[in-house]
Amino acid sequence: MKIIIHRGIDQIGGCITEIATDKARILIDLGQNLPDGEGIVDDDLASREAIEKITQGIDAIFYTHYHGDHLGLFHYVPDNTPQYIGKVAKQVALCKHQQLSYIKGREDLSMEEISKLEKMGNLIPEQIVNIGDIKVIPYFVSHSAYDAYMFLIEANGKKVLHTGDFRGHGYLSKGLLPTIEKLILPRGGVDFLITEGTMLSRLGERVMSENELKREAGEIIKRYKNVFVMCSSTDMERLASFYAANKHLKYRPLVCDRFQKNIFEIFTKSAGNHTSLFRFDKAYDFNPTNTKLMDWMEDKGFCMFVRATDKFKDYYQALISRLDPNDTVLIYSMWKEYINDSGKHAIPRYIDFVSMFPYIEKLHTSGHASTESLAEVCNLVNPALGIIPIHSEYSANYVNLPIKERLQRIILTSSCNIDDVSVEINQKKVTIK
C-alpha cells in the first residue's frame, strides 16, 4: 500500500490524499487552497492541466464534504474518473453552484460545475464502495458542513481511517466516538489514522458547544429587536442554533433570501425528518416590495440571515429608515480573523459589511475538532503504525496532545516506509532566494 499526502501536512485547506495499491488508486478530497483576504487563490493545481496530471491513473475520488478547500477542484476532473460525495452534500453543492451561475461572466463555468456535480455518485453511510482491491466505507461525522464523512479504507491487509474534518461539540457529535467504537473498530484494528488538526494552534482552549451558542444567541435576540445574523449559509447546525433561538420569540419572523431558503428546504427534507431541530419550515423570503412583511418586521422585530454582498447591503438600506439603531444588532458568527483589519486573514468586504451596523455581537464556535476531541479520537482509534495529521499549519503540535506515549512516537510528518506501507508526505515548496 502507498499513502500520499499531496497537500495538507502544513496548511489548512487544499486537502488531497492518495491511497494506492498495485491494482487501484483513489483520492480523498481534491481541495482548492484557501483564498487570501482579497479573495485571490494562490493554487498551482487550479487548472485543468494540473488536475488531469494528478488524477491520471486515479480510479475514483471521494469527498469528505462540500467545502471548497476539500471539493473545490472537482470540475477540472476528467469525465471518466468517478467522483463520490454524500447525497445531501451533493444537493447543497448543486444549490450553491446554481446560485453562483447568476454571476455575470460565470455562466459557462457554472454549467460545467453543475454538470460534474450531477454525475457524482452518492455516498451512503456504512455502505462499502469497492474500487479494485480497495474498500471504502463512509461514516457520518459532525462538521460545519452537513452530510460530512470519515472514510475507513481497507486494502492489502491494512486499514486506514481518514477522518476528514470533524468536531466533538456539535449537535450531531454525540455519535462520533460510538461510531468508531461500535462500527469501525469491530472490523479490526486501524493501522494508520489520517486526521485533521485545524485547532492545534489553540492547545488547551475550551471550545463552546453548539448548544451553549444557541443559549447565548437567545439572550442576544431577547436584548435587541432587530437582529441580523452573519454566518455560513450551509452550516446546518449553526443555522439551527439561531433558528431555534428566534423561535422562542413566537411573534418575530425569521427572514432570509431565496438561496438561504432553498438550503433550508434541503436540510428540512433530510435531517428535519429525524429531529425538529433541523426543520426550517417558517422562514420568510425577503423582498423590499413586500409591504406586509416589512410592516411586520418594523412592528415586531425580526431575525434575518445576511451575507456580505451588495444585495444584502441594498436590503439593509431598504430597512434602515424603519429601524431604531439602538435596538439593532449584527450577530457575527464566523471566524473572528476575517474581520480583524490588522490580521493577515482579514476580508475587506466582510469588514466593510460589518461596519454598517450600529452594534456587533461576536458569537462563534469552530466547526473543527478541539484538541481534547482530537486526543479522544487518537486514543480510541489507537492506530498500530502511524498518525498522519493534515489540515493544519501546526502538525508538529500533535505530540503535545494528551495522547498515549506510544502514539506520540508514531506521529508522521515526513515520508517513511513502515511495515510494507510507503508513506509519502509532500511539504510546501520553498523558494530559496
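**Exercise 1. Is Phe-264 buried or exposed, judging by its relative accessibility?**

Before we start, two notes on the model. This is a predicted model, in which local features need pLDDT of at least 70 and side-chain atom pairs count only at pLDDT 80 or more, while totals for chains, interfaces and linings use all residues. Residues are numbered from 1 along each chain as its sequence is written, and side-chain values use heavy atoms, with hydrogens and water left out.

Step 1. Recall the cut-offs: buried is under 20% relative accessible area, exposed is over 50%, and partly exposed lies in between (1.4 Å probe, protein chains only).

Step 2. Phe-264 has 0% relative accessibility, so this residue counts as buried.

**Exercise 2. Find the aromatic pair that Phe-264 and Phe-305 form, and classify it.**

Step 1. Rings of Phe, Tyr and Trp (its six-membered ring) pair if their centres lie within 6.5 Å; planes under 30 degrees apart are stacked, over 60 edge-to-face, and the rest tilted.

Step 2. A search of the whole structure finds 22 aromatic pairs. One to look at is Tyr-171 with Phe-278: the ring centres are 6.4 Å apart and the planes stand at 65°, so the pair is edge-to-face. Both of these residues, Tyr-171 and Phe-278, are buried.

Step 3. Now for Phe-264 and Phe-305: the pair is edge-to-face, with 5.8 Å centre to centre and 70° between the planes.

Step 4. Phe-264 belongs to helix H8 and Phe-305 to strand S15, so the pair ties together parts that are 41 residues apart in sequence. Phe-305 is buried too, at a relative accessible area of 3%.

**Exercise 3. Describe helix H8 and what its buried residues pack against.**

Step 1. Helices (H or I, at least four residues) and strands (E, at least two) are DSSP runs, numbered from the N terminus.

Step 2. H8 covers residues 258-270, and its 13 residues reach 19 Å from first C-alpha to last, close to the 18 Å expected at 1.5 Å a residue. That expected span is 1.5 Å times one less than the number of residues.

Step 3. Among the buried residues of H8 are Phe-259, Ile-263, Phe-264 and Phe-267.

Step 4. Contact means heavy atoms within 4.5 Å. The buried residues of H8 pack against helix H3 (87-100), helix H7 (236-247), S13, S14 and S15.

Step 5. Compare H7, where 11 of 12 residues are buried. Its buried residues pack against H6, S12, S13, H8, S15 and S16.

**Exercise 4. In what order do the strands of the open sheet run?**

Step 1. Two strands pair if DSSP finds at least two bridges between them.

Step 2. The 6 strands run in the order S14-S13-S15-S12-S16-S17, with parallel pairing. Strands S14 (283-285) and S17 (360-362) stand at the edges with a single partner strand each, so one side of each has no neighbour in the sheet.

Step 3. Zoom in on one pairing: 2 bridges join S13 (residues 254-256) to S15 (residues 302-306). Here Leu-254 stands opposite Cys-303 in S15.

**Exercise 5. Which residues have the most contacts inside the largest nonpolar core?**

Step 1. A nonpolar core is a set of buried Ala, Val, Leu, Ile, Met, Phe, Trp, Tyr and Cys residues joined through side-chain atoms within 4.5 Å.

Step 2. The largest core has 61 residues, and those with the most contacts inside it are Leu-30, Tyr-63, Tyr-66, Phe-267, Phe-280 and Phe-305.
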